[in-house]
Amino acid sequence: MSLPAGPPVHGPCAQPPCPRRPLAKRPPCRYPAQMIQHDRLLIIDFGSQVTQLIARRLRELGVYCEIHPYQKVTDAFLTDFAPKAIIFSGGPASVFAEGAPMPPKSVFDLGVPILGICYGQQVMMHCLGGKVERGHGTAEFGRAFVTPTTDRLALLEGWFDQGREQVWMSHGDHVSEIAPGFKVYGTSPNAPFAITADPARRFFAVQFHPEVHHTPKGAELYGNFVRLAGFRGDWTMGAYREEAVARIRAQVGSERVICGLSGGVDSSVAAVLIHEAIGDQLTCVFVDHGLLRQDEAGQVVAMFRDHYKMPLIHADESGLFLAALEGVSDPEVKRRTIGRLFIEVFEKHARSVGGARFLAQGTLYPDVIESVSFSGGPSVTIKSHHNVGGLPERMGMTLVEPLRELFKDEVRALGRELGLPPGFIGRHPFPGPGLAIRCPGEVTREKLAILRQADAVFIDQIRRHGLYDEIWQAFVALLPVKTVGVMGDGRTYDYACALRAVTSVDGMTADYYPFSHEFLGETATRIINEVRGINRVTYDITSKPPGTIEWE
């Protein structure tokens, strides 16, 4: 398919594609066959910290979209992807900087609607003949108010009912002259071209961020944009389920698949979806490393082996893992040890299945996005992550990743569509290394037993008070210190523990949950009374950042 002709484009807007690190063996290109049933919207990422929020807004509107870094978006990519509309994200760069992020010139010749946001607006003006100036006293950061001009714009349907709208600004440079064909439809005190558009070409540009909740009517703006672009809003989990089942069958054929089942939501939904597609061609391997929560192994086995009747290998390797962790207190050594043993144990049991050509994983879309650095440079490693990385190459297997186009909330919706129990779908995230990283210092069977009991009491308290679904993640950390206490007439010298509960959207940032003092007091009393080995309870009120959600 050749790109349609269009008006000339001005400015240095072509960039080479970015190199990507090698990935595990996967099927060939996904476009257009895999998602041909849906119109696609392309989000070109220029490095904004909130680009994922754009995608989440659009998915909520029933629009299938993907985020790709600007370096990857070449003429060939555009032909392959065939977007029905395009959004330029914000970003930290300046159009004046050497090698400033830019889209290919051909993007403006596709004849599809384009929406530029913040830096994306400046890119549009820079490329199409307008002017951008460096911020000289005109920067805006935080809440601002945009007032309309006298001209009406379909993009702003539902806006300005009260005369002005609150938006969220975060820019230093600003547009000083709009490109030919554009008009101004909204202004703010420091952004005279806060909203501009060329309706004839369906090019729209805003200086603010409609994706953040500080722009209260941002969802309406995105809704107007996708309606103008002609999207049908047909991206539903019901439709996705049918298409995913068909894709799995087409990819796998009559071959066998093994799935590393952790008991978490992602791997569980992936397993149920694949089992629906290929039945007993799937075998799940559940590695019990002895670091699970109370009764967790039994619940996982009962649900998948007994309820769903899936072929399941329950590999109880707790003795192996706990022996390897004996005397280990460094958190990174813990993680590496658990990760190494998990791969070895999984590989051993997977080979016992015999002849499996495919390995299933619960990879999510945020994992896909974050696997490619926007700048192409290295990122700081905060902590290593436990997964089955390296297995496909070692075992000569091809990955099956049926969730790699979904966000976490979409995975939960798909799980409900598949009929997984609501209580299971809504479970809080649980880390691969399990309780080992909630037990700072050396991990022992005694400490794990204490931690399991305390954690069970804490979660029970949260459920009793109807707070579980308000909280992203909650757990107990057993501290590597003992404190003096008094119980009855006797002296105690037992462990202290910390309660941790946070709210979050995606786990990238988090705030501590504001329990009442009455709740905390009641919970502390229950833990001390019911869990032998703890005599002091604290509550962790650190947000992320500066802390992480887990303690190690």
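A residue is called buried when its relative accessible area is under 20%, exposed when over 50%, and partly exposed in between (1.4 Å probe, protein chains only). Keep that in mind as you look around this predicted model, where local features need pLDDT of at least 70, side-chain atom pairs count only at pLDDT 80 or more, and totals for chains, interfaces and linings use all residues. Residues are numbered from 1 along each chain as its sequence is written, and side-chain values use heavy atoms, with hydrogens and water left out.

Start with the whole chain. Of its 552 residues, 56% count as buried. You will find 15 helices and 20 strands; these are DSSP runs numbered from the N terminus (helices H or I, at least four residues; strands E, at least two).

Next, select cysteine 118. This residue counts as buried because its relative accessibility is 3%. Then jump to cysteine 497, which is buried too, at 0%. The structure holds zero disulfides (pairs of cysteine sulfur atoms within 2.5 Å).

Now show helix 6 (residues 265-278) together with helix 12 (residues 408-418). They pack at about 45 degrees, with axes 10 Å apart. Each axis is a line fitted to C-alpha atoms over the stretch in contact, and angles run from 0 to 180 degrees between N-to-C directions.
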